[in-house]
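This briefing describes a single protein chain, with its features grouped by topic. Please consult it alongside the sequence and the structure shown here.

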Amino acid sequence: MNWAEFAQQMASLARDLLAQTSVDATLERITASAVELVDGCDAAGILVLHGSQVQTLAPTEQLVNDSDRLQERLREGPCFDAARTKDGERVFRIPDFTEKQPRWPAFGPQAHELGIGSMMGFLLYTDEEELGALNIYSRRPGVFTEASELAGWLLASHAAVSFSSARTHSQLEKALSTRHTIGEAMGIVMGSHRLSEDQAFDVLRRYSQENNVKLREVARLVCERGGLT
């Protein structure tokens with residue numbers, strides 16, 4: 001691997017990731033970059049755990065989904081471990097799935113049957129949060145080396161910061177949009193029933209609680225219908 005060229009590619013990628021306009025676009029760029037930049041990588045995806053449920057984000061091929069579903073079903077595997085690690089290993093590498101995998105005895109042979117020859121998993125994390133795992137696959141055994149692992153780790157480091165930034169921006173935009181919608185709904189209720197701002201908010205809040213509907217959804221309905229009826 002030409003590390004000078006790789007460094008230039010990573011710098012370009014960092015700018016490219018920040019230019020993405022949504023969380024989904026950011027994640028898709030991350031996994032596509034893994035295929036482009038990590039020697040031997042045939043497919044990539046991001047695995048996120050929600051309790052015991054696995055979510056696959058931005059898979060570049062069906063192979064990624066199949067591997068994640070297998071790990072979810074078996075409750076074992078390198079990417080599964082990387083996504084749930086706590087102050088432990090943050091990088092996993094399996095060089096050759098034609099060999100026995102004592103750490104993942106059930107996953108190893110079934111992953112080989114899926115067509116996986118070797119794979120790596122990298123925890124995506126920042127100082128504040130853990131975001132899941134970037135998973136990199138090859139159909140050939142013996143492809144991923146220490147240099148591949150270093151390249152994947154560098155990519156994962158950039159990916160974690162970009163993923164976190166994109167998600168924070170999306171959450172802020174959603175919060176601002178919700179606040180605007182609630183404000184608009186309060187204005188409609190105030191005008192329809194001659195209520196004060198506090199009274200109008202209480203009307204929306206009570207409706208939300210009594211009907212088990214989130215406040216932002218109540219506000220959206222008020223805006224669409226021109227009232228609560």
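## The β1–β2 hairpin

In the hairpin formed by β1 and β2, 2 residues lie between the strands, and Gly51 takes a positive phi near 70 degrees. The structure is a predicted model. The chain contains 8 helices and 5 strands. Of its 229 residues, 42% are buried.

**Pairing and burial in the hairpin**

- Strand β2 covers residues 53–57 and runs antiparallel to β1, to which it is joined by 5 bridges.
- Leu49 has Val54 in β2 as its bridge partner.

**Overall organisation**

- Read from the N terminus, the order of elements is α-α-β-β-α-α-β-α-β-β-α-α-α.
- Among contacts between residues at least 6 apart in sequence, 58% join residues at least 24 apart.

**The α1–α2 helix pair**

- Two packed helices are described by the angle between their axes and by the distance between those axes.
- For helix α1 (residues 3–18) and helix α2 (residues 23–37), the packing angle is about 165 degrees and the axes are 11 Å apart.
- That angle makes α1 roughly antiparallel to α2, since angles over 145 degrees count as roughly antiparallel.
- The crossing of these two helices, α1 and α2, is right-handed.
- On the α1 side, the residues in contact are Phe6, Gln9, Met10, Leu13, Asp16 and Leu17.
- They meet Thr26, Arg29, Ile30, Ser33 and Leu37 on the α2 side.

**The α7–α8 helix pair**

- Helices α7 and α8 pack at an angle of about 115 degrees, and their axes are 9 Å apart.
- The two helices, α7 and α8, are therefore roughly perpendicular to each other, a class that takes in angles from 65 to 115 degrees.
- From α7, the contact involves Phe201, Leu204, Arg205, Tyr207 and Ser208, while α8 contributes Leu215, Val218 and Val222.
- As α7 passes α8, the crossing is right-handed.

**The buried side of α8 and its end**

- Helix α8 comprises residues 215–225, and its buried residues include Val218, Ala219, Leu221 and Val222.
- These four cover an arc of only 160 degrees around the axis, which puts them on the same side of α8.
- Two of the residues named there, Val218 and Val222, also take part in the contact with α7.
- Just after α8 comes Gly226, with a positive phi of about 80 degrees.

**Non-glycine residues with positive phi**

- Arg194 is not a glycine, yet it has a positive phi of about 55 degrees.
- The position of Arg194 is in the loop between α6 (146–193) and α7 (197–211).
- With a relative accessible area of 79%, Arg194 is exposed, because the cut-off for exposed residues is over 50%.
- Asn212 likewise has a positive phi, of about 55 degrees, although it is not a glycine.
- Asn212 belongs to the loop between α7 and α8.
- The relative accessible area of Asn212 is 74%, and the residue is exposed.

**Ser138 in strand β5**

- Ser138 lies in strand β5, which runs over residues 130–138.
- Its relative accessible area is 0%, so Ser138 counts as buried, the limit for that class being under 20%.
- Leaving aside residues up to four places away in sequence, Ser138 touches Gly40, Asp42, Gly115, Ile116, Gly117, Ser118, Val143 and Phe144.
- Ser138 and Pro95 are 43 residues apart along the chain, and their C-alpha atoms are separated by 9.5 Å.

**Glu113 in helix α5**

- Glu113 is placed in helix α5, which consists of residues 107–114.
- Glu113 counts as exposed because its relative accessibility is 67%.
- Between Glu113 and Phe97 the C-alpha to C-alpha distance is 9.4 Å, with the two residues 16 apart in sequence.

How values were computed
Residues numbered from 1 in each chain as written. Predicted model: local features only at pLDDT ≥ 70, side-chain atom pairs only at ≥ 80, totals over all residues. Heavy atoms only, no water. Buried < 20%, exposed > 50% of the residue type's maximum accessible area, 1.4 Å probe, protein only. Pairing = 2+ DSSP bridges. Arc of directions from axis to C-beta. Axes fitted to C-alpha atoms, helices over the stretch in contact; angles between N-to-C directions. Parallel < 35°, antiparallel > 145°, perpendicular 65-115°, else oblique. Left-handed = near helix turned anticlockwise from the far one by under 90°. Contact = heavy atoms within 4.5 Å.
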